Amino acid sequence: MTAGLLLTAPQQASAGPPNLLTNPGFETAGPAGSDMPSCWSKSGWGDNDFTFATVADAHTGTKAMRVQLTRRVSGDRKALVTETTACAPGVTPGKQYDLSAWYRSNTPDVSVTVFRREAATGTWQYWTDLQNPPVSAGWARTEVRTPVVPPGTDKIAWGLSVYGVGTLTTDDYAMEEVGATGPAPTCTGTPEECAKGRWEVIPAKNPTRSMHAVVLRNGKVLLIAGSGNDIAQFDAGTFTSAVYDPANGSFRTVPTPVDMFCSGHVQLADGRVLVMSGNKGYPSADGRIGYQGLKDSYVFDPATETYTRTNDMNGGHWYPSATVLGNGDVISFGGLKEDSTGNVTAEKFSAAQGKWLPMNEVNQTWSYWGLYPSMILMQDGRLFYSGSHTFGNGTPGSGASIYDYDANTITDVPGLRKKDERDESASVLLPPAQDQRVLTIGGGNNETNPAANRITDIIDLKKPDPGYVAGPDLPQGLVDTGTGKRPQTGAEGKMYVSAVLLPDGKVFETGGGLHDRADPVFEASLFDPVTNTYQPGMATDPIPRTYHSSAFLMPDGRVMSVGDNPGNGTYNHNVSIWTPPYLFKGPRPQITSVIDTQWVYGDTQRITVNRPVAKAELIRPAAVTHSSDPNQRFVDLPLTVVNDTTVDLNVTSNPNLAPPGWYMLFAVDAAGVPSIATWVHLGAPTAATAAAGTADRAPAPHVHDFADRLRAAPKKNPAPRDSVPVAPSVAGCDRHYGSVNLCVPTRFPAEVENTTRARCDWLAAHQYPRRMKVNGSDPLKLDPDGDGHAC
C-alpha cells in the first residue's frame, strides 16, 4: 500500500473553482429534532452495528462527522450529502468533478461513494465507488475525479463509506467542477478516416485455420486452430497454433499437442493461458454420432510459447464456457462429452493448486448450459448467464439467469427478446465494469436458420430486480447472399458478430453473417454506453467474417480481425486491422512512466504522462472464440490529477470487478485518443502484507447489494445425472453430404424454396463442391437421380 500514501497530504489549491457543496464542514446544525448537520444524512445498508456522531475533533472549525462500525456482516454506513434539491449540488452532463475531503481512519475499508439523480424521473441511484483512502491516524486529504457525468443526470450526492469494523472521521468536504482539459481535436487523416476509421489487410497470411484468439501479456497474439475444422488434419494428427507478433508482423507456428478445435480458454492470474477440452472426434459420415469432447487440459506459457498438460477435466466439454473468478479460479460449464451428449457437470480449476478439482469438490446443479454459454462474473461473485450461446435454442425458461455458485442456485431474469434466436450473439459487460450493465447483440438459430436478427438488449445488474430492456436496433449494412452485395432490409441483422471494448469507452461491433455459416454482412458500428446509441457507418472489414471469425483489441488501440469458415468448408487466412477514428484525432498521449507494474486491490498507483489526460482504465486482454469472450472487461481507474503530467490512479478493491491477472493500462485524453497500453499486473497483496496489521492491509472488496430480491424463485436443480441427450445435428449440419468439414444446412434459409433445384442453386451460389457424395440416405432430396452424389 506504499503508493496509497501519495494521497495523504496533497496541497490545497490556493485558488480555484468554487466549492459546490452546502455546509461542507458540518458547522451548520440541522433542523430542530435532527441529530445530523444541515444537508447531511445518515445512509447505508446491511447487517452491521453503527453510530453517527457530530464531534469536536475537527480538521477546521468546531465540528466533524464520525461514523463507527462495531460489528459488520454486510453493507456499509456513510454520511451522505442529502438527496434534496436544496442540498445536492447540480452537475452538467459531460463534465467531470473533483471530490475531496479531510479524514482520519483506522480501517482501510473506506470508499468514496457517489450517487446520481435522473433528471427526468427525480430518482436517485448508486453511480460508482471512486477510491479507497488509506488508513491515517492524523488528518489527511483525499481527492479524486469523477468519470464524465452521464446524460440525464442533474445532481449528485456523495460521501465516504465505511464498510469494515473501525472508525472514520471526516471534515471539510469539497466539490469543484473541472475546467476545460484540452483543445478540440483536429483531423489528421482523410475526412472518411476521421469519421469511420480505416481497415487494412496485412501482407502476411495467418498460417493456421485459427478458431481461437488470445492476446498475450507480452502483446503477441496466440491463434489456435487444432485441426481447424478439417477432418483430414484430424486424421493426420496435424494440430496447429501460431503466435503473431505485431511488432514485426510475423507468425510463428507452435507445436500443438491435441485437437484444441472448439476448446475453451481463459487468462490465468499469472498471464498463462488455460486451454480446456477440444475435439476428441468428428461426427460420423452419416451423422449418427456427433462431435465428441476431450477431457484434456493444457496451459500455454507466453514466455516459452509452449503447452504444458494439466490434469484432466472430469469429462469432455466440446464448446465449454470459461470464466475466471475473483480469486483467480476458473469455472467452466457446458459443451459435449466424449459420447456427444451434453455435459451437465460444473468444472472448477483451482488457481492455488494448479489443477481441475474432483467433481465432489465442486458445487453441482446438474444443469445443461448448452455450448459456449456466456457466463459473466458479477461484482458480488455470482455469474450472469446473458443468454448468448452457440448452436440451437437457449436454456429453458427466460433464456437469461443469475447463477449463484455458493448457494448452488439458478434464478431466471426476464426481458431477453427472442431468447431462442441468440445463437452466435455477442454479450459484453459494458464499460466501465463498475456500471454492471450487459449488452447482447444480434444472433440467430443454426437449426431453424432464420435470418439473423438486429435486436439488442441491455440489462442493468445494479438494479434490485434486474431485467433486460430493449436496446437500439443494430445498424444495417450490405449482405452478400451469394449473388453479390445488397443492402439489408427489414429486420435483417447478423449472427457471429464480434464485439470489442475500446479504450475510449465505446464498443466496436463488426463482422457477422445473415444465416448460419453463410451470407456475410459488411457493417460495423460503435455503441456508446453513455448514450445507449449506435454510431453507424464505421469502415467495414473488406474480408467476410462469419463462422470461426474473431476481432479483438490490441495494445496499440487498433482492432485485429481473423478467420472466416463458411459452410462450404473453405477458410480465409487474411488478417485485417482496423485503425479507429480516435487515432486520426492528433497525437496520442503517452504514459511516460509507471512507478510499479505490480498492482494491489484498493491501491493508488502514480503514473506520469506527457500531457493532460481525462481518464484511464484497465482492459483485460481478449480470449475470444465464436463471438464469445465473457471475461472481456473495461475497469475504470478514477484519477487524481497532481499536475498536468502526474496522475494518481485509484484501483478497485473488488477483485470480482477486475479478476487477478495482466491488464492493458490505457490513458485517454479529452478527445478520446488513447495512449499505447502499458502492461500491469493486478493481484492480491503478498502473503507478508496480507498478514500485517490493519493499517497495512489492503481494503476488503466493497460489494454492493445489487441484483437482489429477484422476482423469480430459483429453479429446482435436477437430480444427479450423467448427461443430457443432444442431437448429433446440434451444429446445424446435415452430415449426409460430402466430407465432415462441410456443413450443408439441416434447414435452408426461408427464402429458399423446398425443391431440389432451389437448394442446389443455393449451394452452388455459396461455392459448395459440385457432386458431393451422399452418405447413406438423402433426407434433403439433393440426389433425385440416385447416383450417390448431390446436385
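Is H548 buried or exposed? I will come back to that after a short walk through the structure. Please keep in mind that this is a predicted model.

The largest nonpolar core contains 71 residues. Among those with the most contacts inside this core are W158, L160, F384 and W599; L618, L649 and L665 belong to that group as well. Strand β9, residues 153-162, supplies the largest share of the core, with five residues. There is also a second, separate core of 50 residues, and Y534, M554, A622 and M664 are included in it. As background, nonpolar side chains in soluble globular proteins tend to be buried together.

Let us look at L160. Leaving aside residues up to four places away in sequence, L160 touches, among others, R77, K78 and A79. Its contacts also include Y103, V110, V112, L168 and Y173.

Next, the sheet. Five strands form an open sheet in the order β1-β4-β9-β6-β7, and the pairing is antiparallel. At the edges are β1 (40-45) and β7 (124-131), each of which pairs on one side only. From one strand to the next, the twist averages 30°. Within this sheet, nine bridges join β6, residues 110-118, to β9 in the antiparallel sense. One example of a bridge is T113, whose partner in β9 is G159.

Now strand β10, residues 166-177. Ten of its twelve residues are buried, so this strand is mostly covered. β10 pairs antiparallel with β3, residues 64-72, over five bridges, and R66 stands opposite T169 in β10. β10 also runs antiparallel to β5, residues 97-105, with eight bridges between them. There, D98 has E176 in β10 as its bridge partner.

Last, some backbone details. P431 and P432 are joined by a cis peptide bond, with omega about -15°. P432 lies in the loop between β31 (426-429) and β32 (437-443).

That brings me back to H548. This residue is not a glycine, yet its phi is positive, about 60°. H548 sits in the loop between β42 (533-535) and β43 (550-553). As for the opening question, H548 counts as buried because its relative accessibility is 2%, and the cut-off for buried is under 20%.

C791 is another non-glycine residue with a positive phi, near 55°. C791 is found in the segment after β60 (789-790). With 38% relative accessibility, C791 counts as partly exposed.

Terms used: Residues are numbered from 1 along each chain as its sequence is written. This is a predicted model: local features need pLDDT of at least 70, side-chain atom pairs count only at pLDDT 80 or more; totals for chains, interfaces and linings use all residues. Side-chain values use heavy atoms; hydrogens and water are left out. A nonpolar core is a set of buried Ala, Val, Leu, Ile, Met, Phe, Trp, Tyr and Cys residues joined through side-chain atoms within 4.5 Å. Buried means under 20% relative accessible area, exposed over 50%, partly exposed in between (1.4 Å probe, protein chains only). Helices (H or I, at least four residues) and strands (E, at least two) are DSSP runs, numbered from the N terminus. Contact means heavy atoms within 4.5 Å. Two strands pair if DSSP finds at least two bridges between them. Axes are lines fitted to C-alpha atoms, for helices over the stretch in contact, and angles run from 0 to 180 degrees between N-to-C directions.
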